[in-house]
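Reader: Please take me through one part of this model closely. I would like the strand pairing, and then the aromatic rings.

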Amino acid sequence: QVQLVESGGGLVQAGGSLTLSCAASGRTFNSYTMGWFRQAPGKEREFVAAIKPINWSWSGYTTYYADSVKGRFTISRDNAKITVDLQMNSLKPEDTAVYYCAADRGASLRTSIQEYDYWGQGIQVTVSS
């Protein structure tokens with residue numbers, strides 16, 4: 001089992017920044033794709049960003065972003081803290097949602113919710129106008 005715990009959410013004004021962190025524990029997950037998803041009130045959960053290592057040491061990795069966040073959000077892995085972070089800049093009110101960290105055991109980087117095996121409980125991000 002893999003346990004995922006998100007942190008760093010909160011309230012920010014439009015144009016501001018927040019960094020979300022996802023701490024993973026449990027069985028080895030060094031080869032897993034780590035993703036961030038979000039769900040706004042009344043909407044379906046959607047893909048935000050994902051990162052997948054090209055080797056076990058995480059010295060190299062590939063990333064993928066939803067068009068809506070490309071150029072504003074950056075996903076990365078902190079090897080010292082063993083977290084996957086989502087740096088969110090130039091936040092907009094439409095970024096308001098519960099953000100979820102997820103892990104996928106699959107061999108390739110995927111963006112479909114159904115492919116992800118482990119999920120955190122989610123954390124609220126609210127962007128005021």
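Author: Strand 3 covers residues 18-26, and strand 8 covers residues 83-88. The two run antiparallel, joined by six bridges. At one point of this pairing, Leu 18 faces Met 88 of strand 8. The model is a predicted one.

Strands of a sheet pair through backbone hydrogen bonds, in a parallel or an antiparallel sense.

Now the rings. The count is seven aromatic pairs. One of them is Phe 37 with Tyr 116. Their ring centres are 4.9 Å apart. Their planes stand at 80°, and an angle over 60 degrees counts as edge-to-face, so this pair is edge-to-face. Phe 37 is in strand 4 (residues 33-39). Tyr 116 is in the loop between strand 9 (97-104) and strand 10 (118-119). The pair thus links distant parts of the chain, 79 residues apart. Both Phe 37 and Tyr 116 are buried.

A second example is Tyr 100 with Trp 119. Here the ring centres are 6.4 Å apart, and the cut-off for a pair is 6.5 Å. The planes are at 75°, so this pair is edge-to-face. Tyr 100 belongs to strand 9 and Trp 119 to strand 10, so the contact ties together parts 19 residues apart in sequence.

How exposed are Tyr 100 and Trp 119? Tyr 100 has a relative accessible area of 12%. Buried means under 20%, so Tyr 100 is buried. Trp 119 has a relative accessible area of 27%. That value lies between the 20% and 50% limits, so Trp 119 is partly exposed.

These pairs are part of a wider group. Ring pairs link Phe 37, Phe 47, Tyr 64, Tyr 100, Tyr 116 and Trp 119 into a cluster.

The charged end of Arg 45 sits over the ring of Tyr 100, 3.6 Å from the ring centre. Arg 45 also lies over the face of Trp 119, at 5.0 Å from that ring's centre. Tyr 100 and Trp 119 are the edge-to-face pair described above.

Notes: Residues are numbered from 1 along each chain as its sequence is written. This is a predicted model: local features need pLDDT of at least 70, side-chain atom pairs count only at pLDDT 80 or more; totals for chains, interfaces and linings use all residues. Side-chain values use heavy atoms; hydrogens and water are left out. Two strands pair if DSSP finds at least two bridges between them. Helices (H or I, at least four residues) and strands (E, at least two) are DSSP runs, numbered from the N terminus. Rings of Phe, Tyr and Trp (its six-membered ring) pair if their centres lie within 6.5 Å; planes under 30 degrees apart count as stacked, over 60 as edge-to-face and the rest as tilted. Buried means under 20% relative accessible area, exposed over 50%, partly exposed in between (1.4 Å probe, protein chains only). A charge sits over a ring if NZ of Lys or CZ of Arg is within 6 Å of the ring centre and within 35 degrees of the ring normal.
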